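Reader: Please take a close look at one part of this model, and then say how its charged side chains pair.

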Amino acid sequence: MKLFGGPVSCPIGAGNCEDVLNSDYSFVFGVPLSAVGMLAYGSVAILGVLGASGNSFRIANVDMVRWLLLGTTSVMASASVYFMYILSTKLEGESCVYCVTSAVLSTSLLLLTLRVRGPFSGKLGTWITNKFGFQEIKQVAGLQLAAAVAVFLTLSSSYAGITPAATRSDEIDLPPVEPQITTSSSPMTISLAKHLQSIGAKMYGAFWCSHCYEQKQMFGREAMKYIDYVECYPDGYRRGIKMAEACESAKVDGFPTWIIKGEVLSGEQEYSEIARASGFESPKTNK
């Protein structure tokens, strides 16, 4: 949703996740936390597979996979502690079930990484339980503490100067003003637009969506007159407002969304992809 835009809903009764996702705290030095989370969990998954399959690598007889796994999960757990602090203090009154779930998961991954040898047997069981012993944990406790401090300082530096009140979406009130299309249409885009109109294709979008605007710019002013465009927020965008019924019925979950001959295309599309989905064939020029 961070990539395609649009509202994000929490499970019923679990708070308003959209406020958290759209807050200034959803970025670290300009990078979306969604991307950071994908990188972190992806790294743990790769390291876990390497460890479970025995494809580890050693430096000076040190199993680097298990130590990298410990370092990664330590940083993730430390970051989760900081984010829970942000959620409870800077975003006071908001809740985010996805954030809490991620915090529980990252902390659990750290505890599993630290788990001392247990009663399991077998190759996989041995790897699962052949974790860090008490002596090893004492040796790395200082390094883990240093990693936690580094995480706190980095995040604090990234969020320095943010005014909490400015991150709340209850003050967001965007009037339904669509940016003007500045490009001119080519004969090809006009032909494609007319074809889309003839087959009942629809483009669903939002006036504040930059990808929607770029899609319109691709077609141009003249061609967009033929596109059946559905604005999902005709009354503007503010806290508590819902998408237009036509968009809800079409189950639109990102912008723009094309529905062409029953096929759903999410996100900004190239000319060739729209032509393919619609069965449009470019007119052949006579030589």
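Author: Strand S9 (residues 257-260) runs antiparallel to strand S10 (residues 263-266), and four bridges join the two. Strands pair here if DSSP finds at least two bridges between them. Strands (E, at least two residues) and helices (H or I, at least four) are DSSP runs, numbered from the N terminus. The model is predicted: local features need pLDDT of at least 70 and side-chain atom pairs count only at pLDDT 80 or more, while totals for chains, interfaces and linings use all residues. Residues are numbered from 1 along each chain as its sequence is written, and side-chain values use heavy atoms, with hydrogens and water left out.

Within the pairing, Trp258 has Leu265 in S10 as its bridge partner. S9 and S10 form a hairpin with two residues between them. Lys261, in the turn, has a positive phi of about 55 degrees.

Salt bridges that share partners join Glu263, Glu273 and Arg276 into one network; a salt bridge is a side-chain nitrogen of Lys or Arg within 4 Å of a carboxyl oxygen of Asp or Glu. Buried means under 20% relative accessible area, exposed over 50%, and partly exposed in between (1.4 Å probe, protein chains only).

The structure holds four salt bridges. One of them pairs the side chains of Lys216 and Glu178, at 2.8 Å from N to O. Lys216 lies in helix H8 (residues 210-219) and Glu178 in the loop between strand S5 (173-174) and helix H7 (187-198), so this pair ties together parts 38 residues apart in sequence. Lys216 is buried, with a relative accessible area of 6%, whereas Glu178 is partly exposed at 38%.

Another salt bridge joins the side chains of Lys202 and Asp228, at 2.6 Å from N to O. This pair links distant parts of the chain, with Lys202 in strand S6 (residues 202-205) and Asp228 in strand S7 (residues 228-231), 26 residues apart. Lys202 counts as partly exposed at 29% relative accessibility, and Asp228 is partly exposed with a relative accessible area of 32%.
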